[in-house]
Amino acid sequence: MDAVTTASLDVSGLAFAYPDGHQALFGVDFSVARGERVALLGPNGAGKTTLVLHLNGILTGGAGTVKVAGMPVDKRNMAEIRRKVGIVFQDPDDQLFMPTVREDVAFGPAAAGMKGAELEARVHKALGLVGMAEYADRPPHHLSFGQRRRVAVATVLAMEPEILVLDEPSSNLDPASRRELADILRSLDVTVLMVTHDLPYALELCPRALILSGGVIAADGPTGDLLMDEDLMRAHRLELPFGFDPASVAGRR
Ligand SMILES: Nc1ncnc2c1ncn2[C@@H]1O[C@H](COP(=O)(O)OP(=O)(O)OP(=O)(O)O)[C@@H](O)[C@H]1O
């Protein structure tokens, strides 16, 4: 297959039931082109986390396929898949556990065998991308929540992933930190899939959105069009913040 036309992410017929029998995904199909930024929207319990956990093989065993840069997510190539799919979890403290920021960002590449000047350059680059280079020697627990989230993004970027998956990246950020993170995400040359309940943030950052509802993709299209479709929004329990007009943002991204 031509590497230029290979999708970053291709999900086909993905269905999954938890061991207790609860069926969370009922046949999910979508694909994300290299360099796209896509929001994954949907009400509580829609299956968003279940879907994300399939992207790097934390959950497996259901029906259908997930391919990352053309490579199927399965047990044989899990190490490579985990390198290609960088997931930034909602709580940065789930991702930061070393004595210093530098060691946290170095952890993944070092585990993959990188060392010396190459490792140092990789860490410096990742921290630079999120504007945290000067914090390299600080203990993560001395940083603010917003700074820790940026470092968590850097730990993932240090692996130079094919696709960056973010779970609620704007949660608990003050307005300035929220905007700064948006600027960082917009500046990255990477495919982004962003799970969020923050619909203005989705609109600001992602030209395209998917609505996952009841374990199926209920809509896939330009984020502004989806957010302006009142019937669609109501049907999937999605609500815009009071006074927010998506028409005022769509088209001026
Ligand atoms: N470990 C589990 N065992 C059984 N059912 C589960 C498990 N984890 C999630 N579920 C169920 O699967 C469905 C999808 O859950 P999931 O967490 O994927 O939804 P979500 O869209 O991420 O929701 P939220 O927006 O609330 O985070 C829900 O009905 C949930 O109760």
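**Figure 1. Residue classes in the shell around the ligand of this predicted model.** The shell divides into three nonpolar, seven polar and two charged residues. Its members are Tyr 18, Asp 20, His 22, Ala 24, Gly 42, Asn 44, Gly 45, Ala 46, Gly 47, Lys 48, Thr 49 and Thr 50. Helix H1, which spans residues 48-55, gives the most to this shell, with three residues.

**Figure 2. Helix H1 against the six-stranded sheet.** H1 lies across S3 (37-41), S6, S7, S8 and S9. Relative to S7, H1 runs at about 150°. The sheet is open, with its six strands in the order S6-S7-S8-S3-S9-S10 and with mixed pairing. S6 (85-88) and S10 are the edge strands; each has a single partner strand, so one side of each is left without a neighbour in the sheet. From one strand to the next the twist averages 20°.

**Figure 3. Parallel pairing of strands S7 and S8.** S7 covers residues 163-167 and S8 covers residues 191-195. Five bridges are found between these two strands, which pair in the parallel sense. Within the pair, Val 165 stands opposite Leu 193 of S8.

**Figure 4. The hairpin of strands S9 and S10.** S9 (residues 208-213) and S10 (residues 216-222) run antiparallel and are joined by six bridges. Ala 209 is placed opposite Gly 221 in S10. Two residues lie between the strands of the hairpin, and Gly 214 takes a positive phi near 60°. On the pairing of strands in general, strands of a sheet pair through backbone hydrogen bonds, either parallel or antiparallel.

**Figure 5. The four-stranded open sheet.** The strand order is S2-S1-S4-S5, and the pairing is antiparallel. The edges are formed by S2 (23-32) and S5 (71-72); each has a single partner strand, so one side of each is left without a neighbour in the sheet. S1, residues 9-17, pairs with S2 in the antiparallel sense over seven bridges. Asp 10 stands opposite Ser 31 in S2.

**Figure 6. Packing of helix H3 on helix H4.** H3 (residues 101-111) and H4 (residues 116-129) pack at an angle of about 120°, and their axes are 9 Å apart. The two helices are therefore oblique to each other. H3 passes H4 in a right-handed crossing. From H3, the contact takes in Arg 102, Val 105, Ala 106, Pro 109 and Ala 110; from H4 it takes in Leu 119, Arg 122, Val 123, Ala 126 and Leu 127. By class, these residues divide into eight nonpolar, no polar and two charged.

**Figure 7. Packing of helix H3 on helix H5.** H5 comprises residues 145-157, and H3 packs with H5 at an angle of about 30°, with the axes 7 Å apart. H3 and H5 are therefore roughly parallel to each other. The crossing of H3 past H5 is right-handed. H3 contributes Val 101, Asp 104, Val 105, Phe 107 and Gly 108 to the contact, and H5 contributes Val 151, Ala 154 and Thr 155. This contact has five nonpolar, two polar and one charged residues. Val 105 of H3 takes part in the contact with H5 and also in the contact with H4.

Technical notes. Residues are numbered from 1 along each chain as its sequence is written. This is a predicted model: local features need pLDDT of at least 70, side-chain atom pairs count only at pLDDT 80 or more; totals for chains, interfaces and linings use all residues. A residue is near a molecule or strand if its C-beta atom, placed from the backbone, lies within 6 Å of it. Ala, Val, Leu, Ile, Met, Phe, Trp, Tyr, Cys and Pro count as nonpolar, Asp, Glu, Lys and Arg as charged, and the others, Gly among them, as polar. Axes are lines fitted to C-alpha atoms, for helices over the stretch in contact, and angles run from 0 to 180 degrees between N-to-C directions. Angles under 35 degrees count as roughly parallel, over 145 as roughly antiparallel, 65 to 115 as roughly perpendicular and the rest as oblique. A crossing is left-handed if the near helix is turned anticlockwise from the far one by less than a right angle, and right-handed if clockwise. Two residues are in contact if their C-beta atoms, placed from the backbone, lie within 7 Å. Two strands pair if DSSP finds at least two bridges between them.
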